[in-house]
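Please read it alongside the sequence and coordinates displayed below.

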Amino acid sequence: MPNSYSAEIDYSCESCGRDTTVQTWLIIDAAEKPDLIEQVKNETLHKLDCPGCGEPIPLDPPLLLYFLGDEPRFLYASRQQDGTGFPEDMIQEIFDELVESSGDQELKDQYHHHQAWVLKEDLPDRLKDYPNKPLREFDWTAYPALKQCEMLMVDDYLQMVMTDYFGTPDWNQKELITEKAPLLLTPAIEPWLEAQEEAFQEMGNDQNLQIIRDHLEILTRAREVGYYEAVLEFQQKQEELN
Ligand SMILES: [Zn+2]
């Protein structure tokens, strides 16, 4: 069974009234359909015109691209062009479809791979050198602030930002990360950090639990007094305790 998958969608033209059925690709296995990957790269995949009057048909489905052997092995464009997210269950359903047809269990483990979730408009850039090079490295710091806040998968976005944030012991570097990722200084971080807190608690990992709690405190306080000041306050408090 092929992995690539398309759906037939009935479309009624608003301009001329003609009914037509359009084939819409939702999953593309790059090995099966290299020509369709080319169409993604030049942004023609979902560009269809009404056979009656030639007006463009507004098509904007989610798109899952599969690259066996690459890292990450899929890219998922999960937002519509106007910035609205597709319903999560719809996205999950398409993803499950690919896991089932490919039998690729590793794919399942990679569902939350932070580099795999992309905005549709970024697909051509990510695929620029494909297949000559692996999928281009994704640099979240290049994302403007607004785009960061618009990400559908806020959890996944936070995952990649937090990996950088906790990955550096350098406070200046951490501050720089909060500047590049303004989402860190919003309440959006709370559910994410609380989930980590819970996980470390279950594992009995007290050291990491404390680190998460400290940073939840610092980042929350930073919303009021700025990151630099919040860190100073925290360090003073630590000194007093010791
Ligand atoms: Zn028409």
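Which residue in S7 stands opposite Tyr 76? In this predicted model, that residue is Trp 117. The protein chain comprises 10 helices and seven strands. Of its 242 residues, 22% are buried. Among contacts between residues at least 6 apart in sequence, 58% join residues at least 24 apart.

- Five strands form an open sheet in the order S1-S2-S5-S6-S7, and its pairing is mixed.
- Strands S1 (5–12) and S7 (117–118) stand at the edges; each has a single partner strand, so one side of each is left without a neighbour in the sheet.
- In general, the strands of a sheet pair through backbone hydrogen bonds, in either a parallel or an antiparallel sense.

**Strand pairs**

- S1 and S2 are antiparallel and are joined over eight bridges. Within this pair, Ser 12 has Asp 19 in S2 as its bridge partner.
- The hairpin of S1 and S2 has six residues between the strands, and Gly 17 in this hairpin takes a positive phi near 85°.
- S2 and S5 pair in the parallel sense over three bridges. Here Ile 27 has Leu 64 in S5 as its bridge partner.
- Strand S6 (residues 74–77) pairs with S7 in the parallel sense over two bridges. Tyr 76 and Trp 117 stand opposite each other at this end of the account.

**Helix across the sheet**

- Helix H2 (residues 88–102) lies across S1, strand S2 (19–29) and strand S5 (63–66).
- The direction of H2 runs at about 30° to S5.

**Helix H8**

- Helix H8 (residues 189–203) has 15 residues, which at 1.5 Å a residue should span 21 Å; its end C-alpha atoms are 21 Å apart, in agreement with that expectation.
- Which residues of H8 are buried? They are Ile 189, Trp 192 and Gln 196. These residues cover an arc of only 75° around the axis, which puts them on the same side of H8.
- As a general rule, an α-helix has 3.6 residues a turn, so residues three or four places apart point the same way.
- The face of H8 turned away from the buried side carries the exposed residues Glu 190, Pro 191, Glu 198 and Glu 202.
- Just after H8, Gly 204 takes a positive phi of about 75°.

Notes. Residues are numbered from 1 along each chain as its sequence is written. This is a predicted model: local features need pLDDT of at least 70, side-chain atom pairs count only at pLDDT 80 or more; totals for chains, interfaces and linings use all residues. Two strands pair if DSSP finds at least two bridges between them. Helices (H or I, at least four residues) and strands (E, at least two) are DSSP runs, numbered from the N terminus. Two residues are in contact if their C-beta atoms, placed from the backbone, lie within 7 Å. Axes are lines fitted to C-alpha atoms, for helices over the stretch in contact, and angles run from 0 to 180 degrees between N-to-C directions. The expected span of a helix is 1.5 Å times one less than its number of residues. A residue is buried if 20 or more other C-beta atoms lie within 10 Å of its own, exposed if 12 or fewer, and partly exposed in between; C-beta atoms are placed from the backbone. The arc is that of the directions from the helix axis to the C-beta atoms.
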